[in-house]
Amino acid sequence: GISGDVYAQDILADDICIGADASYTLDAFKVGAGLWMKTESKAMEVSGNVEYASDKFTAKASAAYGMDLDTENKAYVYATASVESDAIINGATLSLEYGKDSDSNNMNFLSNNASRPQNFGAVTAKCTIAF
């Protein structure tokens, strides 16, 4: 089925973030898209994501493009991907993720944004064991 949200964040501040997102689920697949924009700073981001969930694993991928609407050279692009499984080792969840590194909240494949420097992110492998 289709689901979605429309939201406003920081409504008491001068720079209100207004956004919307929607997703469509069909069997094991979920596809989504989103858009947000800030009223004062004129920043915006468009994103898309896909998820596949089976009995053995869940895989996710997403990508986003954002920019300052007043200054084109402040654009950024990034992508993330992950796979997770609790079916390989009994009592453990294994995951492999490509995304932001531990020192930064931002990823950016482009090199022309002084306020968001180029950062290709990191790969993180994790094993969580339940006792």
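Which side chain does a polar contact of 2.8 Å join to the side chain of Asn 113? It is the side chain of Ser 115. By polar contact I mean a pair of N or O atoms within 3.5 Å; within protein, one must be able to donate a hydrogen and the other to accept it, and residues adjacent in sequence count only if both atoms are side-chain atoms.

Before going on, the ground rules. This is a predicted model, where local features need pLDDT of at least 70 and side-chain atom pairs count only at pLDDT 80 or more, while totals for chains, interfaces and linings use all residues. Residues are numbered from 1 along each chain as its sequence is written, and side-chain values use heavy atoms, with hydrogens and water left out.

Now the chain as a whole. It has zero helices and eight strands, so read from the N terminus the elements go β-β-β-β-β-β-β-β; helices (H or I, at least four residues) and strands (E, at least two) are DSSP runs, numbered from the N terminus. Along the principal axes, the C-alpha atoms fill a box of roughly 50 × 35 × 25 Å. Of the 131 residues, 18% count as buried. Buried means under 20% relative accessible area, exposed over 50%, and partly exposed in between, with a 1.4 Å probe and protein chains only. Contact means heavy atoms within 4.5 Å. Among contacts between residues at least 6 apart in sequence, 32% join residues at least 24 apart.

Back to Asn 113. This residue sits in the loop between S7 and strand S8 (122-129). Is Asn 113 buried or exposed? Asn 113 is buried, because its relative accessible area is 6%. A polar atom of its side chain lies 2.8 Å from the backbone oxygen of Lys 74. Leaving aside neighbours within four places in sequence, Asn 113 is in contact with residues including Asn 73, Tyr 76 and Asn 108.

Next, another loop. Ser 41 is located between strand S3 (29-38) and strand S4 (43-53). Ser 41 counts as partly exposed because its relative accessibility is 29%. Its side chain makes a polar contact of 2.8 Å with the side chain of Asp 15. Setting aside neighbours within four places in sequence, Ser 41 is in contact with Asp 15 and Asp 68. Ser 41 and Ile 16 are 25 residues apart along the chain, and their C-alpha atoms are separated by 9.0 Å.

Now strand S7, residues 92-99, where Leu 96 lies. Glu 97 is found in strand S7 too. Leu 96 is partly exposed, with a relative accessible area of 44%, and Glu 97 counts as partly exposed at 43%. Leaving aside neighbours within four places in sequence, the contacts of Glu 97 include Ala 81, Ser 82 and Val 123. Glu 97 and Ala 59 are 38 residues apart in sequence and 9.6 Å apart in space, C-alpha to C-alpha.

Last, the cysteines. A disulfide is a covalent bond between the sulfur atoms of two cysteines. How many disulfides does the count come to? The count comes to zero, where a disulfide is taken as a pair of cysteine sulfur atoms within 2.5 Å. Cys 17 is buried, with a relative accessible area of 5%, whereas Cys 127 is partly exposed, with 44%.
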